[in-house]
Amino acid sequence: MKKLKNKLFYINSIILYLILIFIVSILSRVFVETDMASYLIKTAAARNTGTDNNAIIVIVDQNTLNSYGSWNRAYTTKLLDYFYTYAHPKVIGLDSMISNLNPQNSNDVQFLNQVKKMNNLVVSFTPSQNISESATINMKEFEDKYSLNITNEIPIDSEYQNISKVEQPFMDSAKNFASVLIQNEQNSGTNFETSNIIKIKDKYYPSLPFKMYLVANSTNDVRIDGNFITVPKTSLKIPLDGVQKGQLQTNIRYYRYPTYQKQDGSTFTNGFTHFAISASQILDIYNKLKSGKELSEEEKQIHAIFDKNTPVFIGEFVDGPNQEPTDILNTPLSKRHPGVDVQATIYSNLENNDFIQLGNDFTKYLFIILLTGFTLLCIFKFKFITSLILLLSADALLFLITFIAGHFGYILYYFPTPIAIQLVTLIFGYSFKFISENRNKEKIKQAMGKYLSKDIMQNVVSNIDDLKLGGKRAVVTVIFSDIRGFTSLSEKMTAEEVSIILNEYFAEMEPIISKYNGVINKFIGDAVMAIFGEPIQDINHPQNAVKCAYEMLKKVEYLREKWLFEGKPKIEIGVGINTGEVFIGNIGTENRMEYTVIGDTVNLASRIESYNKVYKTNLLVSASTYSHIADIADVIKISEVQIRGKAKKMNIYEVLRIDKNR
């Protein structure tokens with residue numbers, strides 16, 4: 001039964017531990033990992049800035065509105081004409097939704113004509129779940145013109161059925177359409193991922209940056225190979241980190257904000273990781289070029305940065321005190337990150353084959369198993385301080401590995417989970433160790449209690465940190481009891497038969513001694529030595545010792561009748577009691593101690609017991625003990641007995657009856 005209880009204890013402990021690990025894994029992933037991933041992506045960004053790439057952003061900002069008033073389509077047309085007529089960048093992405101086109105409006109007509117001329121212009125749409133959204137366009141024609149040529153596609157379901165904010169005149173003019181959808185991470189609301197490809201109905205469409213990359217490289221062919229999106233013409237392999245609701249997702253590798261220097265020497269950042277120019281500056285340059293005016297030196301420098309290798313993004317970002325913010329995203333770098341800068345970041349990832357890759361389940365479980373195993377090893381093999389130092393060192397090493405991996409674009413997304421599980425393992429492990437050690441201590445105490453008195457054991461445990469040789473003087477009462485003629489009896493029985501009788505006899509005596517606050521000091525063959533008054537404090541120890549001896553004799557009468565009925569030999573016992581001062585404490589060596597009493601009081605109790613044979617009695621007490629029990633005992637005085645080892649004769653007393661009520 002005990003073995004079964006032990007097995008159940010360990011099984012239940014393991015089950016509880018696994019349940020705790022599961023709960024912590026879920027909670028850490030939901031509440032911690034997104035923030036940690038955000039930090040690690042920042043760490044990964046430390047390698048370079050967006051300006052190390054050649055994408056340029058033309059931004060409709062507060063300066064533009066201050067210079068040109070409210071933005072309208074005529075200004076967008078001028079920007080496009082600038083890039084078509086004067087600047088000639090490699091590819092242009094219009095990160096702005098175009099809707100409410102009026103064929104009767106001259107500005108809209110000029111805009112559509114400008115769009116129609118530009119083969120390297122990519123314009124935007126957003127996917128829609130509304131099945132009737134595309135009623136204003138020929139959806140079949142849209143699919144034929146703008147969907148990707150996908151080979152080796154993977155079967156995925158999509159929640160998107162249509163596109164939104166696209167009108168037929170715009171579709172007839174634009175050569176390239178792409179999605180500008182960037183969804184937030186579900187738990188944290190942070191933009192970690194982009195959908196480079198999105199499925200609408202049964203067709204696949206590129207994101208704005210991905211379409212710009214394809215246009216820049218004059219291809220529309222894409223393969224989906226397992227965990228990668230591949231562009232065969234350029235051999236670009238985009239890690240595919242997930243497929244959700246028709247979106248083929250890839251993690252965005254963000255870049256550091258570049259710093260700029262003011263005239264006073266101080267530095268600042270403008271909230272863009274890529275080189276950003278106000279649309280007002282481009283319009284000023286365009287107007288001068290159009291009218292034949294000479295550009296300033298600064299304008300010449302700006303105009304010179306646009307060449308045939310430059311990708312350009314046009315977008316809006318107004319975040320002034322008097323304006324509602326437009327097109328902002330929550331990213332690991334900022335909660336108010338310009339959306340067009342995120343699009344430029346994605347393009348830079350593609351152009352430079354520079355991606356963030358996340359640790360997979362193998363990485364996750366490898367870290368968990370290694371760190372958990374090492375934690376358990378430290379808990380059960382080393383002392384607490386040593387374990388703590390080793391575990392902190394392991395955590396520091398894990399963090400360093402994660403930091404270095406993040407710097408090179410490999411994010412151990414599950415970094416918080418092993419640490420959380422390590423914490424649970426520490427708490428659970430030390431709790432388990434504490435409970436197990438206490439269980440073992442209790443087992444040891446129970447086992448040693450069979451060799452030592454429970455009260456002596458308790459005294460040892462209470463002073464476990466201060467065990468040493470020595471003790472104190474105290475007045476106690478000592479009992480010696482002995483079985484009459486046991487030597488001759490044992491000669492007639494086997495050793496097994498003798499042990500059975502002794503074990504039953506001692507088993508009946510021990511509870512009686514404990515009942516009267518006595519402590520069994522030792523078994524000496526068939527004899528029992530018990531102490532009253534120490535270590536259990538009892539001011540009535542002489543009376544209790546005599547009451548105990550009297551009850552022991554009554555119990556022997558019962559045993560004698562029982563054993564005679566069982567065919568076992570008849571036994572008698574004699575008891576001697578003495579009260580006096582003794583030395584009580586730890587006797588022996590530093591390596592082997594015994595808690596006992598020594599002194600003449602002990603010797604006298606033993607010798608008094610031996611006189612039961614001489615006077616054919618069962619219970620004899622010394623004069624010192626009798627002085628404490630005179631009012632509760634009927635006795636016969638045995639005068640002037642010569643005790644071996646004593647120069648003077650002394651009186652001893654046979655106890656006939658005890659009045660327990662007195």
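**Entry 1: the whole chain**

I began with burial, and buried residues make up 48% of the 662 residues in the protein. Here buried means under 20% relative accessible area, exposed means over 50%, and partly exposed lies in between, with a 1.4 Å probe and protein chains only. I note that this is a predicted model, where local features need pLDDT of at least 70, side-chain atom pairs count only at pLDDT 80 or more, and totals for chains, interfaces and linings use all residues. Residues are numbered from 1 along each chain as its sequence is written, and side-chain values use heavy atoms, with hydrogens and water left out.

I looked up the elements next and found 20 helices and 29 strands. Both are DSSP runs numbered from the N terminus: helices are H or I with at least four residues, strands are E with at least two. The protein exposes about 33100 Å², an area from the Shrake-Rupley method with a 1.4 Å probe. Carbon and sulfur atoms supply 54% of that area.

I also checked contacts, meaning heavy atoms within 4.5 Å. Among those between residues at least 6 apart in sequence, 74% join residues at least 24 apart.

**Entry 2: two helices that cross**

Two packed helices are described by the angle between their axes and the distance between the axes. At what angle do helix 4 and helix 9 cross? For helix 4 (residues 73–87) and helix 9 (residues 279–291), I found roughly 60°, with the axes coming within 10 Å. The axes are lines fitted to C-alpha atoms, for helices over the stretch in contact, and angles run from 0 to 180 degrees between N-to-C directions.

On the helix 4 side, I see residues including Tyr75, Leu79 and Tyr82 in the contact; helix 9 brings Ile282, Tyr286 and Leu289, among others. By class, this contact has 10 nonpolar, 1 polar and 3 charged residues. Ala, Val, Leu, Ile, Met, Phe, Trp, Tyr, Cys and Pro count as nonpolar, Asp, Glu, Lys and Arg as charged, and the others, Gly among them, as polar.

I then followed 4 strands that form an open sheet in the order 4-9-10-11, with mixed pairing. Two strands pair if DSSP finds at least two bridges between them. From one strand to the next, the twist averages 25°.

Walking across, I found strand 4 and strand 9 parallel over 3 bridges, with Thr151 partnered by Arg223. Strand 9 and strand 10 run antiparallel, joined by 3 bridges, and Arg223 stands opposite Thr230. In their hairpin, which has 2 residues between the strands, Gly226 takes a positive phi near 60°. Strand 10 (residues 228–231) is joined to strand 11 by 4 antiparallel bridges.

Helix 8 (residues 208–216) lies across strands 9, 10 and 11, at about 30° to strand 10. Which face of strand 9 is covered? I found Val222 and Ile224 on the covered face, while Asp221, Arg223 and Asp225 form the uncovered one.

**Entry 3: a buried strand**

Last, I looked at strand 1 (residues 56–60), where 5 of its 5 residues are buried. Ile56, Val58 and Val60 point one way, and Ile57 and Ile59 the other way. Strand 1 runs parallel to strand 16 (residues 275–278) over 4 bridges, and to strand 17 (residues 311–316) over 5 bridges. I noted two pairs: Ile57 with Ala276 in strand 16, and Ile56 opposite Val312 in strand 17.
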